[in-house]
Amino acid sequence: MSDLNLILLGPPGAGKGTQAERLREDFGLPHISTGDILRAQVAEGTELGKQARRYMEAGELVPDDLIVKMIGERINAGDARDGFLLDGFPRNEKQADALAEALEALDRRLSAALLIDVPDDEVVRRLAGRRVCVKNPSHIYHVDFDPPKHEGVCDQDGSRLIQRDDDKEETIRKRLEVYHSQTEPLIDYYDRAGLLRRFDGSRSAEDVHDHLRAAVATLRLEDQL
Ligand code: AP5
């Protein structure tokens, strides 16, 4: 059984969630989104959700200790033992080191860091028009680039579509600032480790998917050799 342990890197709105869902279907890898996990905790009003909420609303990172433990447990859960697709983690060098240590303790290693790159102006356009399913946040739409068949209704399960609280222009700008200062250095971090693969995220979602799928298929073949 191949063990494809992948992370998706890129600015907010690059299309990480959109592409992760497509790759999940292609390769049967669980899509682990720290943002989705945290939003579910906020909605349920758990202790973690209560602590995370104010950071998320401000567009800042939730403290590392809250996230690292959660991910350490998640990558060792049944469905992730044969590989995973991490979306939104790691977000800084401390989290990247913690992931490497957690994998080493499980005698596993990272297969690749897939960077989807998109310029800031495009990020703002995409996030301002994003709508997500209230029931399943991995059902993602855009009012212009990927509209649902019926306005405000999810094509996949008929639920209502909503705008995320942190998709207001001011919060988007803050999230971009945090990305450039804290997460972007990971590009160099994974490049030095020989794990970085770059993808032009400003192309259509279909083009980006084709390139990612080809790269992941090659990684899987290499892993099986
Ligand atoms: P998180 O949920 O991870 O948000 P993010 O990284 O800012 O990424 P997004 O989900 O906004 O964007 P995406 O790249 O998935 O784009 P999407 O596919 O939706 O994090 C939220 C918050 O949680 C953080 O701010 C932080 O507070 C906290 N957090 C999470 N992880 C953390 C961690 N590890 N440590 C600490 N704190 C953490 O696409 C966007 C839009 O564009 C959609 O409308 C889509 O339809 C459209 N689109 C996608 N691709 C294309 C394309 N090619 N062309 C045109 N439109 C496209």
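Buried means under 20% relative accessible area, exposed over 50%, and partly exposed in between, with a 1.4 Å probe and protein chains only. The model is predicted: local features need pLDDT of at least 70, side-chain atom pairs count only at pLDDT 80 or more, and totals for chains, interfaces and linings use all residues. Residues are numbered from 1 along each chain as its sequence is written, and side-chain values use heavy atoms, with hydrogens and water left out.

**View 1. An aromatic pair formed by Tyr189 and Tyr190.**
Tyr189 and Tyr190 are both buried. Rings of Phe, Tyr and Trp (its six-membered ring) pair if their centres lie within 6.5 Å; planes under 30 degrees apart count as stacked, over 60 as edge-to-face and the rest as tilted. By this rule there is one aromatic pair. The ring centres of Tyr189 and Tyr190 are 4.9 Å apart and the planes stand at 75°, so the pair is edge-to-face.

**View 2. The shell of residues around the ligand.**
A residue is near a molecule or strand if one of its heavy atoms lies within 4 Å of it. There are 35 residues around the ligand, and Thr18, Glu60, Arg130, Tyr141 and Arg175 come nearest. Sorted by class, the shell holds 14 nonpolar, 11 polar and 10 charged residues. Here Ala, Val, Leu, Ile, Met, Phe, Trp, Tyr, Cys and Pro count as nonpolar, Asp, Glu, Lys and Arg as charged, and the others, Gly among them, as polar. Helices (H or I, at least four residues) and strands (E, at least two) are DSSP runs, numbered from the N terminus. At least two residues of the shell come from each of α1 (16-27), α2 (34-44), α6 (120-128) and β6 (140-142). Which element gives the most to the shell around the ligand? The answer is α2, with four residues.

**View 3. An open sheet of three strands in the order β6-β5-β7.**
Strands of a sheet pair through backbone hydrogen bonds, either parallel or antiparallel. Two strands pair if DSSP finds at least two bridges between them. In this sheet the pairing is antiparallel. The edge strands, β6 and β7 (161-162), each pair on one side only. Strand β5 (residues 130-133) is joined to β7 by two bridges, and Cys133 has Leu161 of β7 as its bridge partner. Between β5 and β6 there are three bridges, with Val132 partnered by Ile140 of β6. β5 and β6 form a hairpin, with six residues between them.

**View 4. Two backbone features, at Pro90 and at Asp107.**
Most residues other than glycine have a negative phi, and most peptide bonds are trans. Phe89 and Pro90 are joined by a cis peptide bond, with omega about 0°. Pro90 lies in the loop between β3 and α5 (93-105). Asp107 is a residue other than glycine with a positive phi, near 60°. The loop that holds Asp107 runs between α5 and β4 (112-117). Is Asp107 buried or exposed? Asp107 counts as exposed because its relative accessibility is 72%.

**View 5. Asp166 and its polar contact with Arg164.**
Asp166 is placed in the loop between β7 and α7 (169-183). With 11% relative accessibility, Asp166 counts as buried. Its side chain makes a polar contact of 3.0 Å with the side chain of Arg164.

**View 6. Two further loop residues, Asp82 and Lys149.**
Asp82 sits in the loop between α4 (64-74) and β3 (83-87). Asp82 is partly exposed, because its relative accessible area is 41%. Asp82 and Arg108 are 26 residues apart along the chain, and their C-alpha atoms are separated by 9.8 Å. Lys149 is in the loop between β6 and β7 and counts as exposed, at 70% relative accessibility. Lys149 and Lys174 are 25 residues apart in sequence and 32 Å apart in space, C-alpha to C-alpha.

Conventions
Polar contact = N/O pair within 3.5 Å; in protein donor to acceptor, adjacent residues only side chain to side chain.
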